[in-house]
Amino acid sequence: MPITFRKSFRIFPGVRLNINRLSWSITLGAGRGPRHTISSTGRRTTSLDLPGPLGWRSTRTRRNRNH
């Protein structure tokens with residue numbers, strides 16, 4: 001079984017710093033509405049919780065080509 005590490009810190013309301021074994025990321029946005037995540041590996045993700053009985057999430061990921 002692999003050893004995993006993940007920790008999340010709330011810096012300000014709506015801003016989180018997420019750290020794992022290989023990288024870190026910053027998430028902007030909280031509650032209802034869009035969230036934008038920027039990772040140290042170059043991944044940028046925008047996600048949105050959509051209303052409805054199933055409460056599903058729409059996500060779009062973009063990878064930085066410079067890395």
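Ile26 lies in strand S3 of the chain, strands being DSSP runs of E with at least two residues, and helices runs of H or I with at least four residues, numbered from the N terminus. The structure is a predicted model, in which local features need pLDDT of at least 70 and side-chain atom pairs count only at pLDDT 80 or more, whereas totals for chains, interfaces and linings use all residues. Residues are numbered from 1 along each chain as its sequence is written, and side-chain values use heavy atoms, with hydrogens and water left out.

The chain contains zero helices and six strands, giving the order β-β-β-β-β-β from the N terminus. Of its 67 residues, 16% are buried (under 20% relative accessible area; exposed is over 50% and partly exposed in between, with a 1.4 Å probe and protein chains only). Among contacts in the chain with a separation of 6 or more, 2% involve residues 24 or more positions apart, a contact being heavy atoms within 4.5 Å.

Ile26 is partly exposed, because its relative accessible area is 30%. Trp24, Ile26 and Leu28 form a nonpolar surface patch with about 260 Å² of accessible area together.

Strand S3 is paired on two sides of the sequence, pairing requiring at least two DSSP bridges between strands. Strand S2 (residues 15-20) runs antiparallel to S3 and is joined to it by five bridges, with Ile19 opposite Trp24. Three residues separate S2 and S3 in their hairpin. Four bridges join S3 to the antiparallel strand S4 (residues 34-39), where Thr37 is the bridge partner of Thr27. The hairpin of S3 and S4 has five residues between the strands, and Gly29 in the turn has a positive phi of about 110 degrees.

Ser39 belongs to strand S4 and is classed as buried because its relative accessible area is 17%. Beyond its neighbours within four places in sequence, Ser39 is in contact with Ser23, Trp24 and Ser25. The side chain of Ser39 also makes a polar contact with the side chain of Thr41 at 3.0 Å (a pair of N or O atoms within 3.5 Å; within protein, one must be able to donate a hydrogen and the other to accept it, and residues adjacent in sequence count only if both atoms are side-chain atoms).

Methods. Patches are made of residues with over 30% relative accessible area and no salt bridge: like charges are joined within 9 Å, nonpolar side chains (Val, Leu, Ile, Met, Phe, Trp, Tyr) within 5 Å. Accessible areas come from the Shrake-Rupley method with a 1.4 Å probe; for residues, only the protein chains shown count as cover. A salt bridge is a side-chain nitrogen of Lys or Arg within 4 Å of a carboxyl oxygen of Asp or Glu.
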